[in-house]
Amino acid sequence: MDAILLQTLNGLDKGSAYALIALGLTLIFGTLGVVNFAHGALFMIGSFCAVTLSRLLTLSFETVDPTKTDFLGNPAKVKTPYVEAWFGPEAGGTIIDWAVPLAIIFAIPVMIAIGYAMERGLIKHFYKRPHADQILVTFGLAIVLQEVIKYFFGANPIPTPAPEVFKGSFDFGMLIGMDANAVIYPYWRMVYFFFAALIIGGVFAFLQFTTFGMVVRAGMADRETVGLLGINIDRKFTIMFGIAAAVAGLAGVMYTPINSPNYHMGMDFLVLSFVVVVVGGMGSLPGAVLAGFMLGILESFASMNAIKAIIPGIDQIIIYVVAIVILLTRPRGLMGRKGVMED
Amino acid sequence: MSKTTLTRRGVLRSGAVAGAGVALPTIFTASSAAAYTNEPTGSTVTLGFNVPQTGPYADEGADELRAYQLAVEHLNGEGDGGMMNTFSSKELQGNGILGKKVEFVTGDTQTKSDAARASAKSMIEKDGAVMITGGSSSGVAIAVQGLCQEAGVIFMAGLTHSNDTTGKDKKANGFRHFFNAYMSGAALAPVLAARYGADRKAYHLTADYTWGWTQEESIASATEALGWETVEKVRTPLAATDFSSYIAPVLNSGADVLILNHYGGNMVNSLTNAVQFGLREKEVNGKNFEIVVPLYSRLMAKGAGANVKGILGSTNWHWSLQDDASKAFVKSFGTKYGFPPSQAAHTVYCQTLLYADACQRAGTFNPCGVGQALEGFEFDGLGNGPTLYRADDHQCFKDVLVVQGKENPTSEFDLLEVVEVTPAAQVTYDPDHPMFAGGQLGTCNPGA
Amino acid sequence: MLGIDKKDRNLLVVVAVLALAAPFILNPFPAGSELAQFNAGYPDLMQRFVIFGIFAIGFNILFGLTGYLSFGHAAFLGVGSYSAVWMFKLLSMNVLPAIILSVIVAGLFSLLIGFVSLRRSGIYFSILTLAFAQMSFNLAYSVLTPITNGETGLQLTLNDPRVLGSSATADGSIPVTNLFGLEMRSTYEMEVGAWLFQFNAGYYLCAFIMLAAFYLAMRIFRSPFGMMLRAIKTNQTRLNYTGLNSRPYTLAAFVISGMYAGLAGGLMASMDPLAGAERMQWTASGEVVLMTILGGAGTMLGPVLGAGFIKYFENIFSKINDSVLHGWFAFLPDGMENALVTIVHPFVGKGWHLTLGLLFMAVVIFLPGGLIEGGQRIAKMFKKKKGSSSDDDSEHSPKQAPHVAE
């Protein structure tokens, strides 16, 4: 029982990352009909926004401390971040500690700008091209983006910890009357879950309750007719691309304390996010979110020892097994609409 | 910087200028005219440095390349000589190898067996490399070792820790300086027992591929021999990035130690996740919960940040060692590049020097002669204390370091501190130990 | 002759000449010169060119004709490799039975996967094939290790039982792959002045098989069966309304291209007896997709060009390091030399991915039909200069259909 509760919690958390990435991908699929292989790269760039901000905040000046020596035996240089020098070690330290949450503010404009530039500069010219061309060009772009990041940040993962107050874990089991340590859950993962819920809710509300959202939804359903009504749908779609990039980027920013970011994390998520989107059904936002959470939870269950004992290696393939079963039983995924990306 | 490329082919060219335009069939089937594959006939000798330059281990590969360049400089008599001055064998003169200037070609293994073999083949077939070295994973090392055996060149393994490299997949043309999973277990277990007590219950998380399994087997049997109990061994997919679902059940399993048989990105993520779950602040069975990482890599551990603090593991070499050889190497490397070398850099530097020295002593580049010179070779002064290149399996036997994540690092490189130097005798095993059984060296292959 | 028209015959002759003379064509620079870095005429890379050429030709039969975009074709190549290596381990070092078995096994495997996956179309089909291939890769890497030898890859050992043939040679080595005694690795080296050309037995075997595969693909493209596949790409619904069941046709195309992939896998193992699980990873499947699109999907020659292009970058550009760069620019004054090296440095050696990514983008932006279109444009330019009327080769580059699949 506790194991099931535990893995459900884990699954919700994994699922929220999948759902956020898939949400952004579906926005682009659904609105623009573009197969964007660079979407994982956007997630990765979001993570590196957090890394960049934490680097900026810890920009330091060096003073020579004659009492210490460095690895070559020379007098050591001690680095003091400017932030600490300006605001005092106490306040400065807190600002540096909060780099990841602060990066949200930093990442939103950066990601929207990147998304905007990508759409105007490149994707726009590929709306009428075959999907194969879109795959090739966005895949090329993904490689270029990740190589640029690798050039500046190296290939190794970069630690980007959460603020001190979110360190450690919460004993969820005690709260509902179980033994101590039965169900523990890290604070930051709870933050991630609520953050994801907030973003998902925000995107839905935006599409549902604003005029802008209404036009975009109409455009998703029938682009030509909306254009005939004299609405500049292209403009709206550019903004949607920016929003999708921002959603992917924010998912990346908040993910950094869970796993140290590296330059190829986008590729690691790429295949998975496509599977999530397709299982959810092409062009369906609720489908993407549902599939994200469902696959996250099933993946967590598959990694339980009791289940692995029955089917060895099931945690290696569970995602794909589920994808195959769903696509064979529900031709358009969980909530897909007829005719989207089928031809 | 000017460079004259005078490879074997270059010399062939100058010899054949007279016959320009005329086909001169000279060699039939795998160069029967030469005594062995890619015999250097000019004034230079070409070595092939095959390291990961793309993919997750690219930074390790880059550090290996730096060390190779340093080694080549030292062999050619440039720079301060590094560990050539402390090496117990004094055959190397600083005039290249056997009087031939050392040149090198580089390639990208991509940490994939296929790509690594393609890259090694191009070095052998196109560039005339007489020795291949490098790599940052056991799969690649074993694949390239097999290729070098077939092609008839020497393979000096880089970073490879699986028992299989000098166990069931050992080859006559392949040599390993790096330590292995068995040694990690044998060195680490006594320290663990001394620190954490003899009645511990261990939970293993293991990367689900060959290296992970040999690591798990080694550390489990070493700790069980000292009284520990193994509660559970759980395999995790190599592609996993989030280990939460594997770590969450650990606390509830009755185990009080978590052993992470992971390397590289897997290790960084699983350790980060384990610390996130607050495992280290918990008490189980009345004891503090502990985490162990059997194989540490400082470069990678950096990715886990503060999470490594206080966590025990083993490593092949660490820059903070205070013997003359290590100091000389750190000085030489640090002066040139501005930061201390990694264990990967150290092992490949040693391998290059050991190869060069063996050629010098054998008086030939012939893989069979070089192999003979390396087999049973005893040396000192390369940073690991007295070392034996055992003839039975081409594995180096030397001291193993048990290290711990440092509580108060003084710099970004100062992540680990050495808590014990386990003497070589304690990590030595019989060549027919069951964990290494099943393979044969075969005979050396000069390729001709 | 050969049941193909004149234009196709010319194309076949051109490909044959290119393939047979590859050791000359790919080695344009004298050995030992600074530009020798760009020579690709050594056995391993030449073999890779034609083997991946076969893989891409086969993939193009499915994708180029029917429009079904499979993201799991690497699984068939991997399965082919594993079967071939097992054949070497158990039966004989002769490559012929190994290649035959790898084609058969890959064919059966693709029949199974194709039968299930072809129940869906469009991106749903792509994801199904991707899921099957990723499952194969993950299992081969972990729980199937007894069959696949996991991370290390399946290798020959000195203890292989080998029914027809010996476990080890007299001098204690593992025997090498051969075709009735002709060793695949044997190479005839020819010096012509400053040049050194290598003629490798394995390469020529691959090249002949590639020519046969190319010819077969040509016949398929021009056959009524090929027309039917094109009809499926153009409008499957309309085809269904006419009372035709298109599934057997697409399945046949899927299995044929799976067998091509198995053939490529078997040849790879025959040239170098190792089968690694990475051959089945989604990146490997993605690679053949990129090769085909890059070269020009639906054209005869395009996929082969694309395969060569990507393999060339992987093997040649990744080997250019700083000392090579310094060697090239050594004739310049020091300051300029260093500046140039700094500029070029991020694009070669460990940065070869970056160059490849940029070229993907450049090709797809400027040459929508792939590399083959670049060739046609150049050809057209020459034709115009000569003043002859332009002769558009629409057969070889049919209009791109505006969708992945139907």
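Predicted model: local features only at pLDDT ≥ 70, side-chain atom pairs only at ≥ 80, totals over all residues.

Q: Which secondary-structure elements does chain A have, and how many?
A: Chain A has 14 helices and four strands. Of its 343 residues, 54% count as buried. Among contacts in chain A with a separation of 6 or more, 74% are between residues 24 or more positions apart.

Q: How many strands form the open sheet of chain B, and in what order?
A: Strands of a sheet pair through backbone hydrogen bonds, either parallel or antiparallel. In chain B, seven strands form an open sheet with mixed pairing, in the order E8-E7-E9-E12-E13-E17-E18. Its edge strands, E8 (229-236) and E18 (416-422) of chain B, each pair on one side only. On average, neighbouring strands of this sheet are turned by 25° against each other, direction ignored.

Q: In which sense do E9 and E12 of chain B pair?
A: Strand E9 (residues 257-261) and strand E12 (residues 290-295) of chain B pair in the parallel sense, over three bridges. Leu258(B) has Ile291(B) in E12(B) as its bridge partner.

Q: Which strands does helix H6 of chain B lie across?
A: Helix H6 (residues 210-225) of chain B lies across strands E7 (201-207), E8, E9 and E12 of chain B. Helix H6 of chain B runs at about 165° to E7(B).

Technical notes: Residues numbered from 1 in each chain as written. Chains lettered and ligands numbered in written order. Helix = DSSP H or I, 4+ residues; strand = E, 2+ residues; numbered from the N terminus. Buried ≥ 20, exposed ≤ 12 C-beta atoms within 10 Å, placed from the backbone. Contact = placed C-beta atoms within 7 Å. Pairing = 2+ DSSP bridges. Axes fitted to C-alpha atoms, helices over the stretch in contact; angles between N-to-C directions.
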